Amino acid sequence: MRVKDLIEKKKNGEALTDNELRCLIEGYTKGEIPDYQMSAFAMAVCFRGMDFEETKVMTDAMMRSGDVVDLSLFGDTTVDKHSTGGVGDKTSLIIGPVAAALGCTVAKMSGRGLGHTGGTVDKLESIEGFETELSTERFYELVKETGIAVVGQSTELAPADKKLYSLRDATSTVNSIPLIASSIMSKKLAAGAKSIVLDVKTGSGAFMKDYESAAELARTMVEIGKALGRNMCALITDMDTPLGYAVGNSLEVKEAVAVLKGEDIPDLRKVCVALASSMVSLGKNISLAHAEKLVSEAIDSGAAFEKLKEWIGAQGGNTALLDDPTLFPEAPFKYEVKADREGYVFSMDAENIGNAACTLGAGRLRKDDPIDYSAGIVLKAKTGDYVKCGDTLAVFYTSERSFIEGAEALYRSAVVIGENKPEVTKLILGEVR
């Protein structure tokens, strides 16, 4: 098999065979196929696409390129959730404890943030003492003891995807649904959960900007997961506006704690209840309506908050911060952004709000950039709210005063205030089951 022939075949719009795709992924993972040939193949896929069988085989080959976590010792109750990335998306901190409190097993590997989107591991590391690097044995022990553990993603998990994603990022071949779907699902399948719930974001702060693309990606990933033996579903959720009010690591942890303590943050709670209900429905094989009732009860009774404390404490985190979130270290500089006119917040560009938070120190542009756990933004007005001139729109937190000017420019470019009240946007735009 010559790689040049496979590139030519895909360039001409022909489907590759099972053996051809597996040899391609294996050869690239081992370093036998150079980057320039793999980038040519990725570009051919961007223009010519892949059929479902090709996408499934490529996903399976990438999943098997490294370690595959075996969670079979926990039975069929293992559940996982993956978000395609958004701004203020702290749902894993809420729904993980909810699902675990209801008897599901959450053995999760999560990533770090990059660019305008935050990462669950970074948020957890803002909790003093929390350990995200555990041995496999300790990871399994904690899952068995508490029903939940979350660690950073292993470098040995789907290494083919790691190599290919870096290449795609450098060669402008990211935006291809077969390549996106195989990238996400290879990692999720290798992580071992029997049931997987996908949160596919769409809107200004999401990777998939339009609903049609998000729906196609959701369908593709659900079909791949089912074909490879997993219980699957996907929700397509709005990301035109940040989720909740907090954007930034410790700020988001505090907001997640507030939800689990019963505070009414409507958009965040609604999305979390929907995601957690899907996890519990799949993990316990019960109806969605029954699962939703159980999820609401777990939050309202405080059972999910107690599970959060048990989990964070088991991984070394200081649970006093959860009982009293004012104990989190606060950034030394605080700045209020004021409205310069009266009217309704007509729209928000979630991506630029995420970029503003990154500018304040809450995110990273490169994988090895340090982050400021206390930095970020707390929104005081969101789409649909009426504001007067001089009202506070947002509060910035940062450890570097010099970052404020650039962050404010980004934030102001993201917020449109107008005379007319915007139509209410649905939070959950669709689902695939």
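Q: Is Cys-46 buried, partly exposed or exposed in this predicted model?
A: The model is a predicted one, and the relative accessibility computed for Cys-46 is 27%. Buried would require a value under 20% and exposed a value over 50%, so Cys-46 counts as partly exposed.

Q: How many disulfides does a search of the whole structure find?
A: A disulfide would need two cysteine sulfur atoms within 2.5 Å. Cys-233 takes part in no such pair, since its nearest cysteine sulfur, that of Cys-104, lies 12 Å away. For the whole structure, the number of disulfides found by the search is zero.

Q: Is Cys-233 buried or exposed?
A: The relative accessibility of Cys-233 is 1%. Because the limit for burial is under 20%, Cys-233 counts as buried.

Q: How many aromatic pairs does a search of the whole structure find, and what is the geometry of the pair formed by Phe-74 and Tyr-140?
A: The search of the whole structure finds six aromatic pairs. In the pair of Phe-74 and Tyr-140, the ring centres are 6.0 Å apart and the planes stand at 75°. Planes over 60 degrees apart meet the criterion, so this pair is edge-to-face.

Q: How many residues apart are Phe-74 and Tyr-140, which link distant parts of the chain?
A: Phe-74 belongs to the loop between α4 (52–63) and β1 (79–83), whereas Tyr-140 belongs to helix α7 (residues 136–146). Phe-74 is buried at a relative accessible area of 14%, while Tyr-140, at 21% relative accessibility, counts as partly exposed.

Q: Which parts does the pair of Phe-130 and Trp-311 tie together, and how far apart are they in sequence?
A: The two rings have their centres 6.2 Å apart and their planes at 90°, so the pair of Phe-130 and Trp-311 is edge-to-face, and both Phe-130 and Trp-311 are buried. The pair ties together the loop between α6 (120–125) and α7, which holds Phe-130, and helix α14 (residues 303–314), which holds Trp-311, at a sequence separation of 181 residues.

Q: Within what arc do the buried residues of α1 fall, and which helices do they pack against?
A: The buried residues of helix α1 (residues 3–11) are Val-3, Leu-6, Ile-7, Lys-9 and Lys-10. Viewed down the axis of α1, these residues fall within an arc of 160°, so they line one face of the helix. Their packing partners are α2 (18–30), α3 (35–48) and α4.

How values were computed:
Residues are numbered from 1 along each chain as its sequence is written. This is a predicted model: local features need pLDDT of at least 70, side-chain atom pairs count only at pLDDT 80 or more; totals for chains, interfaces and linings use all residues. Side-chain values use heavy atoms; hydrogens and water are left out. Rings of Phe, Tyr and Trp (its six-membered ring) pair if their centres lie within 6.5 Å; planes under 30 degrees apart count as stacked, over 60 as edge-to-face and the rest as tilted. Helices (H or I, at least four residues) and strands (E, at least two) are DSSP runs, numbered from the N terminus. Buried means under 20% relative accessible area, exposed over 50%, partly exposed in between (1.4 Å probe, protein chains only). The arc is that of the directions from the helix axis to the C-beta atoms. Contact means heavy atoms within 4.5 Å.
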